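Biologist: Could you walk me through the labels attached to this model? I would like to see the rule behind each one.

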Amino acid sequence: MESIAELDASHLTSREVNARLKELALTHDKISIKNPGAKHNIVVGVRGQVEIEVLGNVGYFAAGLIYGPKVRIMGNAGWFAADNLDNSEIIIEGNAGTGVGTNARSGTLVIKGDVNSRLGQVVKGGNIIVGGNAGFFTGMMMMGGAIIICGDVDCGVGESMMGGCIYVAGRVGKPGADAAVCDAPEAEVRGIKSLIEKYGLNGKESWKKVYSLKKLLRYEKREY
Amino acid sequence: MVDEGTGSKREENMCGIAGVILRRSEETGEVLYRMLLSLQHRGPDSTGVAIFRMKAKDNAMLLRLSAKTEEAKSFALDALKPHWQASAIPEWRMAGRSWTTEVEISPDSLKTILSYFQSHPELKVHSFGRSLSIYKCVGGARLLNDSYSIASMRGRHGIGHVRLATESKVDVDYAHPFQSLNLADLAIVHNGQLTNYYKLRRWLEKRGYKFQTDNDSELIAQYIAYQMARGATLAEALRGSLEDFDGTYSFIVATPEELGMAKDPLGAKPMMLCECEDGVAIASEEVAVRSAFGDWVKVRELPPKEMATWRV
């Protein structure tokens with residue numbers, strides 16, 4: 001039987017929330033955090049196969065440095081949410097701020113609303129999906145993985161990217177340095193659609209793909 | 001620093017700004033106080049608010065001053081005596097390492113008094129206007145409230161700031177909000193750094209704008225005052241700032257009729273906004289906006305190179 005815990009964050013510091021979460025994650029399958037109060041740095045450093053639901057909005061650096069959990073944030077997230085995403089699933093039901101999904105390595109990050117600038121900078125792997133629009137410098141210095149934007153993306157998309165792909169259903173702003181735009185191949189579009197439909201998101205029939213021209217930066221060995 | 005709200009150590013950030021218009025109440029002081037408490041981790045050095053009274057003074061200007069020494073206080077009183085519109089001598093309050101006071105003077109005397117004060121290096125004007133008062137201190141929001149009872153002040157709108165000093169000293173005169181001595185009833189708060197500060201400052205000084213500090217944020221007040229004195233609306237002045245300012249910035253401007261904001265083209269400094277039936281709240285972080293209007297209102301982040309104004 002699934003064991004569920006509730007954590008009321010209203011009178012706890014961020015450090016106390018995280019410490020308590022880690023204790024509960026050892027013995028429970030699901031944890032609900034009430035009254036997060038847009039605190040910074042919560043659901044950070046949690047490991048294990050546990051579902052965490054945050055019943056409200058979070059501040060900066062939410063759900064960073066986690067390994068294993070499935071996290072659902074029912075409201076908005078601030079800057080740098082899902083920092084270093086690895087082997088986890090994070091769903092943000094609202095909007096998210098700047099620098100979200102920085103340095104993701106594997107797993108899936110979904111933002112159902114809009115995101116601000118610098119989404120997925122230096123991403124190495126995994127999937128980042130945005131239901132709404134994304135700001136400028138999306139995918140800056142990206143090395144791998146996929147960023148999927150169901151709405152529009154602002155200028156500077158793929159700035160200095162080295163690998164990976166950015167798929168956009170809406171308007172694509174001026175690409176960044178060493179990035180180019182083409183129509184996404186049908187097979188890849190089918191893959192995108194089946195992925196985003198899992199999260200209740202839709203896109204158009206045709207998608208644009210932003211990719212690296214690989215002229216600017218040259219590396220002999222990739223990290224993986 | 002130790003967080004005043006929870007007593008725990010929190011990471012310091014880089015200044016926090018807040019602004020609010022209330023459409024259904026007059027508890028601006030209380031709301032601003034809550035917003036600044038929730039932003040305190042962004043700036044431990046100084047805190048300040050600018051609040052606009054419900055009813056502007058008809059034939060008087062409110063002048064708020066600071067003085068660093070007893071000599072400066074005497075100098076100020078001697079300058080003010082022929083002009084103030086009250087029977088009692090103004091009371092000086094200690095605010096960190098300075099004293100502050102508030103007097104009512106005739107608008108006709110304003111120019112004379114301001115130029116007299118500018119001749120004394122240890123006297124500074126914090127605010128002047130028919131409805132504006134700026135209160136600031138070295139320390140946090142709780143100290144500001146203990147010193148001036150901010151939470152009980154009434155008004156329809158106001159702005160506030162918590163400071164982490166970067167390029168100028170920790171001193172009550174260097175705390176925000178700032179006002180230009182060239183335009184009454186205008187206040188600004190700022191998060192960021194203006195990298196072409198000296199160039200713009202020299203340009204404004206050549207046009208007669210005198211700076212009281214070397215805090216780059218004061219430039220914003222002077223610039224907006226300059227533009228509006230030449231007939232620009234607040235919106236036009238803010239649009240101009242997006243072209244003329246270089247650096248990273250989010251700032252909020254308040255006049256008796258409006259609140260305005262601008263965010264730099266790189267979006268390097270945060271600004272969150274809520275527009276709802278209760279009013280308008282703008283702040284560096286969502287937590288402050290929600291402290292004004294609650295957990296379930298819609299809050300969005302303003303995009304880079306954006307400006308906006310709202311009528312009170």
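Modeller: Gladly! This is a predicted model, in which local features need pLDDT of at least 70 and side-chain atom pairs count only at pLDDT 80 or more, while totals for chains, interfaces and linings use all residues. Residues are numbered from 1 along each chain as its sequence is written, chains are lettered from A and ligands numbered from 1 in the order in which they are written, and side-chain values use heavy atoms, with hydrogens and water left out.

Biologist: Why is the contact of A:Glu186 with A:Arg190 called a salt bridge?

Modeller: The rule asks for a side-chain nitrogen of Lys or Arg within 4 Å of a carboxyl oxygen of Asp or Glu. The closest N and O atoms of A:Glu186 and A:Arg190 are 3.5 Å apart, so the pair qualifies. Both residues belong to helix α2 (residues 186–197) of chain A, where being four residues apart puts about one helical turn between them. Helices here are DSSP runs of H or I with at least four residues, strands are E runs of at least two, and both are numbered from the N terminus.

Biologist: What makes A:Glu186 and A:Arg190 exposed?

Modeller: Exposed means over 50% relative accessible area, buried means under 20%, and partly exposed lies in between (1.4 Å probe, protein chains only). A:Glu186 has 62% and A:Arg190 has 53%, so each is called exposed.

Biologist: And in helix α5 (residues 197–206) of chain B, where B:Glu205 and B:Arg201 lie, which label does each of the two get?

Modeller: B:Arg201, at 16%, is buried, whereas B:Glu205, at 37%, is partly exposed. They too form a salt bridge, with the closest N and O atoms 2.9 Å apart, and they sit four residues apart, about one turn of the helix.

Biologist: How do you know that the salt bridge of B:Arg53 and B:Glu102 links distant parts of the chain?

Modeller: The N to O distance of that salt bridge is 3.5 Å. B:Arg53 is in the loop between β2 and β3 (61–67) of chain B and B:Glu102 in strand β5 (residues 98–105) of chain B, 49 residues apart. B:Arg53 is partly exposed at 29%, and B:Glu102 is partly exposed at 27%. Over all chains, the count of salt bridges is 24.

Biologist: What are the covered and uncovered faces of β4(A)?

Modeller: A:Val71 and A:Ile73 make the covered face, and A:Lys70 and A:Arg72 the uncovered one. In a regular strand the side chains alternate between the two faces of the sheet. A:Arg72 also takes part in a network of salt bridges with A:Glu93 and A:Lys112.

Biologist: What makes A:Phe137 stand out?

Modeller: Its phi is near 60°, a positive value in a residue other than glycine. A:Phe137 is found in the loop between β7 (127–130) and β8 (146–149) of chain A, and its 23% relative accessible area makes it partly exposed.
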